[in-house]
Amino acid sequence: VDVILQFTPLETLSITPTFGYRQDDYIASRLGLQEETSWLAGMDVTWSPAERMSFSTGYLREAFSRQLRSRSRPVTGATTFDFKDYEWVSNQADTIHTLHAGFRLGLIPRVLEWTAGANYSIAVGDDDTHNPVPPASGTAAQRASARAKPIPATQDQLLHVDTALRYHFWKSWTASLGYAFESFQKNDWRTDRLTPVLPGVTSIWLGDDDRNYTAHIIGVTLAYRFR
């Protein structure tokens, strides 16, 4: 379900709230992903105090939750044990907050305009893992391996700031000169200390590990608009 509304209480003011909801149930899944729910809610506001000037801002919250059921199957020699009390349930929740703002200013009407904007997002991932019943079968070592452990939360942050000058000429052509700054940071216990090679092991690890970075971008574009 997606709902988008637009209100214009003034000719110069526009308010657009947004809402979305989704739910998936895997009713035949004894193990693995069993259900997943997501929703989002936000609002954008645009204000144009003059013909050549406009401001915009907005906020969006996205939430994802899912439930997974897993089972530990210890192996001793050629024997694989399958104890029903060795199951654990993971309730995972991801929350993303996004805030943006920008403006447009016509320096020369329909000829030269200046735009600028900023966007900031932060995502937090939580994982609540527990045993529905305490493991009681098997040996003490097997019970310890099947006991659910606490899992730390993860966090990502992305900041993007940009500005540009746009020159419109010959009715359908636009030349642009722009600059953007971008910064990405994360805290993820799964990959923060991962090295490309483990000592004494010949394997090379090529997993997905998005590293922290800052970037400066300068762009020049030439565009033609078909009318």
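These notebook entries record what I looked up in the structure above.

**Basis of the entries**

I worked from a predicted model, in which local features need pLDDT of at least 70, side-chain atom pairs count only at pLDDT 80 or more, and totals for chains, interfaces and linings use all residues. Residues are numbered from 1 along each chain as its sequence is written, and side-chain values use heavy atoms, with hydrogens and water left out.

**Entry 1: the chain as a whole**

I began with the secondary structure and found one helix and twelve strands. Helices (H or I, at least four residues) and strands (E, at least two) are DSSP runs, numbered from the N terminus. Along the sequence, I read the order as β-β-β-β-β-β-β-β-β-α-β-β-β. The radius of gyration is 26 Å, well over the 17 Å that the globule rule gives for 227 residues, so the chain is more spread out than a compact globule. For this comparison the radius is taken over C-alpha atoms, and the globule rule is 2.2 Å times the number of residues to the power 0.38. I also noted the box filled by the C-alpha atoms, roughly 80 × 50 × 30 Å along the principal axes.

The chain exposes about 15,600 Å², of which carbon and sulfur atoms supply 61%; the areas come from the Shrake-Rupley method with a 1.4 Å probe, and for residues only the protein chains shown count as cover. Of the 227 residues, 24% count as buried. Buried means under 20% relative accessible area, exposed over 50%, and partly exposed in between (1.4 Å probe, protein chains only).

For contacts (heavy atoms within 4.5 Å), I looked at those with a separation of 6 or more: residues 24 or more positions apart account for 60% of them. The mean positions of the 22 positive and 25 negative charges are 2 Å apart. Lys and Arg count as positive and Asp and Glu as negative, while His and the chain ends are not counted; each charge is placed at NZ of Lys, CZ of Arg, CG of Asp or CD of Glu.

**Entry 2: Ala41 and His97**

I located Ala41 in strand β4 (residues 32-50) and His97 in strand β8 (residues 87-108). Ala41 counts as partly exposed at 25% relative accessibility, and His97 is partly exposed with a relative accessible area of 26%. Leaving out residues up to four places away in sequence, Ala41 touches Thr18, Phe19, Tyr59, Leu60 and Arg61. With the neighbours up to four places away again set aside, I listed Tyr59, Leu60, Arg61, Tyr120, Ser121 and Ile122 for His97.

I took two C-alpha distances here. His97 and Gly42 are 55 residues apart along the chain and separated by 9.6 Å. Ala41 and Ser145 are 104 residues apart along the chain and separated by 41 Å.

**Entry 3: His130**

I found His130 in strand β9 (residues 112-130), partly exposed with a relative accessible area of 33%. Beyond its neighbours within four places in sequence, His130 is in contact with Trp88, Val89, Asn91 and Ala148. From His130 to Pro150, 20 residues apart in sequence, I noted 8.2 Å from C-alpha to C-alpha.

Is Ser183 buried or exposed? Ser183 is buried, with a relative accessible area of 15%. Ser183 lies in strand β11 (residues 173-187) and touches Gln157, Leu158, Leu159, Tyr213 and Thr214, not counting residues up to four places away in sequence.

In the loop between β10 (154-169) and β11 I examined Trp170 and Lys171. Neither is a glycine, yet Trp170 has a positive phi of about 55° and Lys171 one of about 65°. Trp170 is exposed, with a relative accessible area of 70%, and Lys171 counts as exposed at 76% relative accessibility.

**Entry 4: aromatic rings**

I counted ten aromatic pairs in the structure. The ring centres of Tyr167 and Phe169 are 5.5 Å apart and the planes stand at 15°, so this pair is stacked. Rings of Phe, Tyr and Trp (its six-membered ring) pair if their centres lie within 6.5 Å; planes under 30 degrees apart count as stacked, over 60 as edge-to-face and the rest as tilted. Tyr167 counts as partly exposed at 42% relative accessibility.

Which residues do ring pairs link into a cluster? I recorded Trp47, Phe55, Phe103 and Trp114 as the residues linked in this way.
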